[in-house]
Amino acid sequence: AFIEENARDGSDALLLQRLALRVSQPFDLESAAPINAVLYTQSDQRHVLLLRVHHMAADLSSLPILLSELQSRCAGLASVEEAEKPTSFGSYVQGELDYLRSNDAEADLAFWKEQLPPDAASSRLTLFGTETKQTLGRRTSSAANLVISQDALRALEKLGNETGCTQFELQLALLVMSLAHWTGQFDVVVGVPFAVKEGARLARLVGYCVNVLPIRVCVNRAQT
């Protein structure tokens with residue numbers, strides 16, 4: 001969906017308010033597209049484009065691709081006909097479906113069943129004395145925001161340099177230790193999203209191309 005709005009009479013502060021209001025509106029996936037754009041015209045020479053994309057239409061790695069192509073076309077640097085177009089998202093999905101019906105998928109499933117706890121799919125996480133369980137079909141979700149101070153970030157960076165660990169490894173370890181402390185469960189599986197874009201023709205594909213990698217950590221309570 002593409003919308004044009006007149007912003008000639010308002011100040012930059014008023015435009016920011018309009019942008020914030022538009023961004024705060026949830027997607028109506030039953031009746032509207034998961035991607036929409038609003039062009040605010042402040043003058044003949046000044047325009048502001050707001051692009052809203054639901055995560056089901058584009059993952060995080062797709063956003064730089066979208067922005068790069070928009071910038072190229074605005075600057076007149078890209079021709080309409082590309083020399084080599086990326087694989088379509090439909091072809092990508094068909095490839096994933098073909099994989100799920102293959103012997104490779106059966107072998108991968110057997111591998112993960114061996115690596116993960118036997119009850120990993122049905123286990124419940126007891127957090128603060130309350131059992132949590134996902135229920136299929138519900139459309140509810142929530143987010144927890146954690147603000148890390150600059151001092152803590154500098155301490156993590158120093159620890160990473162001293163131990164040869166990346167920030168991802170350190171923060172994953174902190175998360176697992178916290179979950180083990182709060183729940184009393186010391187065999188913890190954390191799902192980590194990663195991009196599934198192999199090959200040059202998928203590198204510039206825009207879409208939700210993400211899978212979840214389960215990382216199992218057995219916390220040793222004797223270690224600090």
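## Close-up views of a predicted model

**View 1. Strand β2 and its covered residues.** Strand β2, which spans residues 35-41, is mostly covered, since six of its seven residues are buried. The model shown here and in the other views is a predicted one. On the way into β2, the chain crosses from β1 through helix α1 (residues 12-24), and this β-α-β crossover is right-handed.

**View 2. The pairing of β1 with β2.** Strand β1, made of residues 2-6, pairs with β2 in the parallel sense, and five bridges join the two strands. Two places along this pairing can be picked out by their residues: Phe2 stands opposite Ala37 in β2, and Glu5 has Tyr40 of β2 as its bridge partner.

**View 3. The pairing of β2 with β3.** Strand β3, which covers residues 47-53, pairs with β2 in the antiparallel sense over seven bridges. The two strands form a hairpin, with five residues lying between β2 and β3. One of the facing positions is that of Asn36, which stands opposite Arg52 in β3.

View 4. In general, the strands of a sheet pair through backbone hydrogen bonds, and they may do so in a parallel or an antiparallel way. Here, an open sheet of three strands is arranged in the order β1-β2-β3, and its pairing is mixed. Because β1 and β3 stand at the edges and each has a single partner strand, one side of each is left without a neighbour in the sheet. From one strand to the next, the twist averages 20°. Helix α1 lies across β1, β2 and β3, and runs at about 15° to β3.

View 5. When neighbours within four places in sequence are left aside, Thr41 is in contact with Glu5, Asn6, Ala7, Arg8, Arg46 and His47.

**View 6. The largest nonpolar core.** In soluble globular proteins, nonpolar side chains tend to be buried together. The largest nonpolar core of this model has eight residues in all, namely Leu172, Val176, Leu179, Ala180, Val188, Val190, Val192 and Val219. The elements giving two or more residues to this core are α6 (167-183) and β6, and the largest share, four residues, comes from α6. Apart from this core lies another one, of six residues, which include Ala7, Leu15, Leu19 and Leu50.

**View 7. Val176 and its contacts.** Which residues does Val176 touch, if those up to four places away in sequence are not counted? Val176 touches Val188, Val190, Val217 and Val219.

**View 8. Pro193, an exposed residue of β6.** Pro193 is found in strand β6, which takes in residues 187-195. Pro193 is classed as exposed because its relative accessible area is 58%, a value to be set against the limit of over 50% for this class. Not counting residues up to four places away in sequence, Pro193 touches Val210, Asn211 and Val212. Although Pro193 and Asn211 are 18 residues apart along the chain, their C-alpha atoms are separated by 5.7 Å.

Technical notes
Residues numbered from 1 in each chain as written. Predicted model: local features only at pLDDT ≥ 70, side-chain atom pairs only at ≥ 80, totals over all residues. Heavy atoms only, no water. Buried < 20%, exposed > 50% of the residue type's maximum accessible area, 1.4 Å probe, protein only. Contact = heavy atoms within 4.5 Å. Pairing = 2+ DSSP bridges. Right-handed = clockwise from strand over helix to strand, strands pointing away. Core = buried A, V, L, I, M, F, W, Y, C linked by side-chain atoms within 4.5 Å. Axes fitted to C-alpha atoms, helices over the stretch in contact; angles between N-to-C directions.
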